[in-house]
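Please study the structure shown below and work through the exercises that follow.

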Amino acid sequence: GDGEVLLEDPSVEPAQAEPSAPQKQGAQELPVPAKEPAQLGEEPQVFEATLSKPGIESALGWHLDVLDQKHLFICRLVHTGITPIKTYNASVATELQIREGDYITAVNGVTVSAEKMSEAIKKTDKVKINISRPVVFAKTIAKNGMPLGLDLKYGPGGSSLLIKASTAARSRSTHLTSGPANGPGGSSLLIEGIHSGAFSQHAPDLRAGDRILSVNGTTGTPYMLLQAIQDSPSLDMGFSRVA
C-alpha cells in the first residue's frame, strides 16, 4: 500500500548509517520522521475501486443521483445487510473507502455520460469505478429583492423537478419533467444554469453542475432545501462539486 512505500523510504537509512558524525546523527534523524505523518495522512482526491457483485443483476448498495449528465453522484449508501460496497469498504484503508457525497467519473472505462456509466454498472458482476471526492465550499447569498438566477433540478423518486428561478424570487415558475433517478430521492439540488441575479452577484464562481447541500444549516431532501431557500432573505449555503 501507499503507507508501506513511504515507510520504506531509503532516505531514512543513510541518516542512521552515517559513521562519521555520531553527534550530528540525532539532529539529522529528527526531520525525517517529522515529515512522514504528513505524507501518510494525505488522502487521494481521485482513486479507483473495484466492486464484485454476487450476480450481474445484484445491487451494489448505493443510491445514485443521475441528474447530472456528466457524473454519477452517490447520495445514499445502504447501511443494512451485506453489500458489495460494504465488503469493499471493509477491505481497504479509510482514505480509500466509498462515501456518501462522492462522485463517480468512470465505470469500467466508460466516461461518456452519467447514463452510459449507469448502464455499464448493470452489465457485469465486476465493476471498476473511478471515485472523485467532492470539493465542498460555502457561500453567503443576500437576496436583496433580486431574482435568484438559478435553474435547479432534483429527482425525488422517479421524476425530477426543474425550477426556473430567473424571475423574481417570490414568483418563480416551475414545471415537472420526467427525469432519471435511482433510489428514494436525493439529498441535494443540482444547479443546471446560472443567470443574472443574487447568485451570480454574490457567488460568481458557481457553475452548472455544482450541488447545493445545505441552506442555513438545513440538510435533507431537495424539498427541505428549496423551502429553506424560499424562507430566508439571506442564505448561508454549502455547495459541492466534483474534484
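This is a predicted model: local features need pLDDT of at least 70, side-chain atom pairs count only at pLDDT 80 or more; totals for chains, interfaces and linings use all residues.

**Exercise 1.** Determine whether Tyr103 is buried or exposed.

Solution. The relative accessibility of Tyr103 is 1%. The cut-off for buried is under 20%. Tyr103 therefore counts as buried.

**Exercise 2.** Classify the ring pair of Phe73 and Tyr103.

Solution. The structure holds three aromatic pairs. In the pair of Phe73 and Tyr103, the ring centres are 5.1 Å apart and the planes stand at 55 degrees. Planes under 30 degrees apart count as stacked and those over 60 as edge-to-face, so the pair is tilted. Phe73 belongs to strand S3 and Tyr103 to strand S4, 30 residues apart, and the pair thus links distant parts of the chain.

**Exercise 3.** Classify the ring pair of Phe137 and Phe239.

Solution. The centres of these rings are 5.5 Å apart and the planes are at 15 degrees, so the pair is stacked. Phe137 lies in strand S6 and Phe239 in strand S12, 102 residues apart. Both residues are buried.

**Exercise 4.** Describe the surroundings of Ser52.

Solution. Ser52 is located in strand S1 (residues 46–52). With 40% relative accessibility, Ser52 counts as partly exposed. Beyond its neighbours within four places in sequence, Ser52 contacts Pro84, Asp125 and Lys126. The side chains of Ser52 and Lys126 are joined by a polar contact of 3.1 Å.

Terms used:
Residues are numbered from 1 along each chain as its sequence is written. Side-chain values use heavy atoms; hydrogens and water are left out. Rings of Phe, Tyr and Trp (its six-membered ring) pair if their centres lie within 6.5 Å; planes under 30 degrees apart count as stacked, over 60 as edge-to-face and the rest as tilted. Helices (H or I, at least four residues) and strands (E, at least two) are DSSP runs, numbered from the N terminus. Buried means under 20% relative accessible area, exposed over 50%, partly exposed in between (1.4 Å probe, protein chains only). Contact means heavy atoms within 4.5 Å. A polar contact is a pair of N or O atoms within 3.5 Å; within protein, one must be able to donate a hydrogen and the other to accept it, and residues adjacent in sequence count only if both atoms are side-chain atoms.
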